[in-house]
Amino acid sequence: MGIAFAPFISDACCLCGATGDLTGEHKIKASALRSEFGKASMVIGRFDGPDVVSRPAQGVKSKTLHFSAPVCRSCNSSRTQQADREFDRFHRAARELLEQGVDPSRAFADPRYEVGSGPYLNVFRYFAKLLACHLAELRAPRPLHMTAFAIGAAHQNCIWLAVNEDWTYQKVAASFGPHQYAAHGGLVVYGDKKSGDAKAFHSTLTVGPLRYVFHSRLNWIQRWELRALYPEFNDWCRTQVKVASENPMSDTERLALGFELE
């Protein structure tokens with residue numbers, strides 16, 4: 001193990017590395033889904049391609065809505081509880097602003113979210129946890145600073161976050177009106193133009209019309225360690241970057257994933 005990453009272990013917590021009392025983490029928070037769907041039936045699947053693939057989800061706590069990578073019970077409760085609760089609070093405020101026609105990122109203007117404060121960092125910790133879980137689903141090495149930040153053991157924020165109205169929701173709502181919708185953006189790799197090595201990881205989370213776009217950049221130590229100690233995952237990243245460079249995303253795909261058009 002290096003100083004920036006730890007090896008992936010399939011039967012260990014993807015946040016702290018513990019091997020006992022494992023459970024699952026929701027890809028989209030149950031409380032946020034409950035506020036959006038209530039008791040209505042839900043369908044989970046992919047709806048962004050030529051073929052729609054879907055299946056019923058048995059309620060907001062369905063295991064079909066969990067990441068496949070495990071999280072230990074301590075990380076999933078006490079260690080991340082403050083971040084989970086702060087996300088709920090922030091989400092309610094941002095959603096209310098959006099309903100009023102106000103930029104939802106203005107939720108950060110609340111004095112509660114003074115930069116560097118506990119509540120401010122806890123919002124970002126929630127997204128650090130999600131990004132770490134997305135990486136673990138791909139059997140990536142565990143990013144030690146990101147996971148330490150997610151569980152409150154580190155205080156240097158490593159997450160960049162934008163809060164806005166979901167582009168896909170807007171387009172569907174323009175044709176069919178308001179609707180119940182939630183989604184996540186999986187994992188996107190930013191690659192170096194010359195080497196193809198990973199330089200950042202990106203994802204999105206959408207509940208209703210409100211979208212969170214978040215990413216974490218790799219410093220030179222992290223990039224070196226991926227190349228030197230985890231060549232299999234680094235080569236996988238380089239392959240994804242090569243494929244993307246040869247088959248660039250359409251404007252629609254870029255907007256759906258929260259990227260600005262060049």
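Me: Which residues does Ile159 touch, not counting residues up to four places away in sequence?

Reply: This is a predicted model, in which local features need pLDDT of at least 70, side-chain atom pairs count only at pLDDT 80 or more, and totals for chains, interfaces and linings use all residues. Residues are numbered from 1 along each chain as its sequence is written, and side-chain values use heavy atoms, with hydrogens and water left out. Taking contact as heavy atoms within 4.5 Å, Ile159 touches Phe124, Phe127, Ala128, Leu131, Phe149, Phe214, His215 and Ser216.

Me: How far apart are the end C-alpha atoms of helix H3?

Reply: Helices are DSSP runs (H or I, at least four residues), numbered from the N terminus, and the expected span is 1.5 Å times one less than the number of residues. Helix H3 has 19 residues (81-99), so it should span 27 Å, and this agrees with its end C-alpha atoms, which are apart by 27 Å.

Me: At roughly what angle do the axes of helix H7 and helix H8 cross?

Reply: Axes are lines fitted to C-alpha atoms, for helices over the stretch in contact, with angles from 0 to 180 degrees between N-to-C directions. H7 and H8 are roughly perpendicular, a term for angles of 65 to 115 degrees. Their axes come within 6 Å and cross at roughly 110°.

Definitions and conventions
Helices (H or I, at least four residues) and strands (E, at least two) are DSSP runs, numbered from the N terminus. Angles under 35 degrees count as roughly parallel, over 145 as roughly antiparallel, 65 to 115 as roughly perpendicular and the rest as oblique.
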